[in-house]
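Please read them with the structure open.

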Amino acid sequence: MIRLIHVSKSFDGGRSYAVKDLSFQVNDGEILVLLGSSGCGKTTTLKMVNRLIEPTEGIIEVNGKNVMEQAPVALRRRIGYVFQGIGLFPHMTIEKNVALIPSLMGWPLQKIQERVRELLELVDLPPEDYAKRFPDELSGGQQQRVGLARALAADPAYLLMDEPLGALDALTRDILQQKLLDIKKQLKKTIIFVTHDIFEALLIGDRIAILHKGHLQQIGTKEEVLSAPATEFVHDLFAKPARQLADFKDIL
Amino acid sequence: MSLESLTTYIVNRLPELWLRTGEHIMLTGFSTGTAILIGIPLGIIIFRNAWLRAPVMAVIGILQTIPSLAMLVFLLALLQKIGALPALIALTLYALLPIVRNTLTGLKGVSPQVIEAATGIGMTKYQRLKLVRIPLAASVIIAGIRTAAVVGVGIATLSAFIGAGGLGQFINRGLALYDTKLILLGAVPTALLALIVDFSIGAFEWGFRPERKKDKKGLVKSLVRPLALMMPLLLIMTAGILSYFTRPLSGIQTEAVSKTSTRTIRIATKNFTEQLILGEIMAQLIEARTDLFVERYFNLGGTMICHNALVHGQIDLYAEYIGTGLTVILKYPVISDPEEALSQVREAYKKRFNARWLKPFGFNNTYAITVRTADAKSYGWTRISDIQKAAPRLRAGFTAEFTERPDGYPGLRQIYGLRFGEIRDLDPAIMYEAVSKGEVDVICAFVTDGRIAAYNLKSLEDDRQFFPPYHAAPVIRGEILEEHKKLRDVLALLEGLLDNATMQSLNFKVDGKGYSPAQVAGAFLKSQGLL
């Protein structure tokens, strides 16, 4: 379980806040989507969970313990992270990228090799074809699968995903969204997934938290946010695509 | 020169060419290697401590701006040692800048996204440096090493000035003898070597790069890669083998200058023709008349270098001029009487340096203020005093030493009131030609130089007896003379043997007719029945 209790973050000593008074909870085995437009504070929120950014105020608990009281390196190894810009290491093969954290954690070699095979198969990249390649020899979608495999490598209970599919074309994104749902069913991870894509949020999220200018607007299941928008912002957010969708149907 | 004689010219010098090439690679290789061992850690340290960057880069940058020759001479004075050590230190200091700078640039240049990913998945600071930053900076760092090594090959030619060997010896000798062929014999292999070094480090970089799956595979390729990786090592090994096998051909050593057996005598010369001939005469005579083995440290870059080397036991013997010993080394006032001057230097050298002045060779190689004969005739110049009025309109070409020595231009100004309109520093090898071609009007010729007559020049009489006597004599370390008492008698055979005319003709055989100093010295000794 991940819990945020009155968390705020200011980068300029309190003159303005990227995130203000944020409180919510992510239950075990749940995908919570942080939805909002760019600059709303969703990436900042995500990075505070594994201490890439430290909160100005409030408490963040992972596994029932304040993250500020946990050693950052050990904390990060317990939380998988998939980066917006993928962030694979260009000088390492796919195999090495995925194996990096397990080997730094001192896993036995054979266990690492098995784990890499297992993960590459899980993300549909046959190891015999892909293990020895370098990131720049892969397409964007394939690289993002490797990013996911790397985040899962040390079998963390938590996964943070920062717009992992943002840069991909619609078709590839669709395939990977399905893949992610499959994996979630198989692996039972607790996931925070950041996106600005409303349809992605509705498809993937067990619950959706809508952020606007650093403030939490509403948190709830898709039915809840669609049927009873808590603020005007949330209402407008869903109204516009709904209208577009209706127009699209008319054309068809 | 015909192709055939060019081939013979090179073939005759091939053994020495190999030796010098080997030495050159060793000098560059060792200094670049040391610079890598210091520079990369230093680059990493200043990367991690940003406040150190500006001061460290400033110091290294300043080192880079010191002219190479000045650096060598400074280190020479500091270490009181000629040979490989000061050269290696100087070359290492020069190699530092590109290596440290590229290490810093490479480490800074790693994309922040990649670093954030490394942090985010739980790598420690050290792991990020070791596993991410350094590998990603490697190609930039290697590029820095490549620059350092190629520049090093060039700078290493200057090490010959302080007796460290290398291809610069040919260039140096060529400059001293004004011999273009010799200069090219040093310069062309140096340029080729620079290309080879550049290529081999380039190959290393290619071999070092991780292999891509899409790269074409094949037996040849899989062999070429490790080979490419080994290129710099192979080059250094080749050099090691070269210098090991060619060493016995010549007495000059790159390493461990001071390690010499008691059966060796080390003879040095300054870097001009007369010195080279005197050095050869003494060397060949000693080789013929004793069972000592002679090591030649020829072409050292000036009076102070020879003198310091002698005082610190790096060399045993060289020919010095009384006036130079008196004014430049002992800083005594000018004494015109040769006997008196010699007894003064003899006594002072014995007391202060434990060095002995032996019997002079005979000639007095004094400076001579020299002009074109045509000018002397048309203006009626015969004595130095005669040009005093004309001086402000005249351009003088002096050796760098003469411009500063108390028995040179400063004294000349005082005694004769000469104020030349323009002073140009010229190498002794080219000043005769420069005055004959009208590029300057007055030079400080050496009386024994054959080119005074050959270029139709006129030396003016020193009517106020300003110049001290410059009789040359062997100067030898006291300990060596004690150890090998025979040397005194052997070198005494040369006493008074070379008068001004003889020395002038010997010099001209080298400068004008293109014989080597060794040939001229040998022929002279034979003609005197000494060989």
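1. In what crossing, left-handed or right-handed, does α3(B) pass α4(B)? The crossing is right-handed (left-handed if the near helix is turned anticlockwise from the far one by less than a right angle, right-handed if clockwise). Helices (H or I, at least four residues) are DSSP runs, numbered from the N terminus.

2. The model is predicted: local features need pLDDT of at least 70, side-chain atom pairs count only at pLDDT 80 or more, and totals for chains, interfaces and linings use all residues. Residues are numbered from 1 along each chain as its sequence is written, chains are lettered from A and ligands numbered from 1 in the order in which they are written, and side-chain values use heavy atoms, leaving out hydrogens and water.

3. Helix α3 of chain B covers residues 68–79 and helix α4 of chain B covers residues 84–108; their axes come within 9 Å and cross at roughly 130°. Axes are lines fitted to C-alpha atoms, for helices over the stretch in contact, and angles run from 0 to 180 degrees between N-to-C directions. The two helices are therefore oblique to each other (under 35 degrees is roughly parallel, over 145 roughly antiparallel, 65 to 115 roughly perpendicular, the rest oblique). Contact (heavy atoms within 4.5 Å) involves residues including B:Met71 and B:Leu75 of α3(B) and B:Ile89 and B:Leu93 of α4(B).

4. Helix α6 (residues 125–155) of chain B packs against two further helices in these notes. With α5(B) (residues 112–120), the axes come within 11 Å and cross at roughly 160°. That makes α5(B) roughly antiparallel to α6(B). Among the residues in this contact are B:Val114 of α5(B) and B:Arg128 of α6(B).

5. The axes of α6(B) and α8(B) (residues 180–208) come within 9 Å and cross at roughly 165°, so these helices are roughly antiparallel to each other. Here α6(B) passes α8(B) in a right-handed crossing.

6. Chain B is divided into domain 1 (14–248), domain 2 (267–361 + 476–527) and domain 3 (367–459); the bounds come from an automatic or database domain assignment.
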